[in-house]
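I opened the notebook to record what I looked up in this structure. The entries follow in the order I made them.

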Amino acid sequence: MEKVERMQSLAAFGPRQQESQTPVEHSKAEPEVFDYNNVNYQDFWQQTDRRYEDAAERIALRRLTKTMQGSCLEIGCGFGRLVDEYAPRCSEVLLTDCTAHLIEAARQRAASLGLANVECRQLDLYKLEECGRRFDNALCVRVMHHVEDVPAFFRQVNQALAPGGQFVFEYANKRNLLEIGRWLLRRPNVQPFGYQPSRRGSGVFYNFNPAYIRDELRRAGFEPEEVLAVSLFRSQALKRVFGWRLLAGVERLLQKPLAWLRPGPSVFVRARKVSRPESD
Ligand SMILES: C[S@@+](CC[C@H](N)C(=O)[O-])C[C@H]1O[C@@H](n2cnc3c(N)ncnc32)[C@H](O)[C@@H]1O
């Protein structure tokens, strides 16, 4: 649980952690992976004060997947928290995650929801070619902050998608208003305007500059089509005072109009595969 709390805070507005100044290393044979084997990720979401975050992400996902059709690959699905949002619109769904106990929980959740079109498979996100087939859609939420080698991951997603396929994903935004405020007060957790991903703490936790994500997406053969600013009110104090329903209701109105500013800790993107990766 402690690990999960730490993961959440590092992905957003958490305790102060030293930012690593080491540039991201992409030449290693195997990128480092965050270990969820001893993490009870279900408990994290069952706590009542996470209802706002869950609602905010579902609002974004509903908006970005409303035209989704055909097959879908979810990458890093955890226990399948979000599968009910999009699987009913798909012909077939493959849920993947590298953690055995989470993929088993996802299998049970899909069965309990009566989703007969859902398969589950333990799979590393750097090895998507092992799916052995191509999908019309790919989805990846709350996973990018564990991705050390973004170019390699985006290339994998490109290869897993059929031509014209869409990729909906979320990433932790280091250039958010709170981080900019901390930076102005000379107490930054990260350098919010730095282009390179910022690694925080000793685990595999990265926060990203939106310009870096956009550039790497394009290099990997994607064109971003829609962006949403998400989890705009991720603050224990705001949740206590206003309650999750009100905050989620206001957020629903703001995710799109504020997307250009990306003021929040989380960004959702819908991108389309337009070509093969540049490096192919
Ligand atoms: C924060 S959880 C998010 C789970 C789910 N997407 C959600 O939003 O509820 C991160 C997930 O990414 C998975 N993950 C981390 N690194 C991975 C990798 N290299 N390959 C596949 N899954 C990975 C973890 O096992 C974990 O289930």
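I started with a pair of facing residues: Glu-74 is opposite Leu-139 of β4. I noted that the model is a predicted one.

Next I checked what packs on the sheet. Helix α6 (residues 150–160) touches β1, β4, β5, β8 and β9. I read the angle between the directions of α6 and β5 as about 145°. Helix α3 lies across β5 (161–172), β8 and β9 (266–273), and runs at about 150° to β8.

Then I traced the strand order. The sheet is open, has seven strands with mixed pairing, and reads β3-β2-β1-β4-β5-β9-β8. At its edges I found β3 (118–122) and β8 (222–230), each of which pairs on one side only. From one strand to the next, the twist averages 15°.

I moved on to helix α10 (residues 244–254). Which of its residues are buried? I listed Trp-244, Leu-247 and Glu-251. Viewed down the axis of α10, these buried residues fall within an arc of 65°, so they line one face of the helix. I noted the general rule that an α-helix has 3.6 residues a turn, so residues three or four places apart point the same way. The buried residues of α10 pack against α3 (51–64) and α9 (236–242). On the other side of α10, I found Arg-245, Val-250 and Leu-253 exposed.

Last, I looked around the ligand. Of the 19 residues there, Gly-76, Gly-78, Cys-98, Thr-99 and Leu-125 come nearest. I sorted the shell into eleven nonpolar, four polar and four charged residues.

Note on methods
Residues numbered from 1 in each chain as written. Predicted model: local features only at pLDDT ≥ 70, side-chain atom pairs only at ≥ 80, totals over all residues. Near = placed C-beta within 6 Å. Nonpolar A, V, L, I, M, F, W, Y, C, P; charged D, E, K, R; others polar. Buried ≥ 20, exposed ≤ 12 C-beta atoms within 10 Å, placed from the backbone. Helix = DSSP H or I, 4+ residues; strand = E, 2+ residues; numbered from the N terminus. Arc of directions from axis to C-beta. Contact = placed C-beta atoms within 7 Å. Pairing = 2+ DSSP bridges. Axes fitted to C-alpha atoms, helices over the stretch in contact; angles between N-to-C directions.
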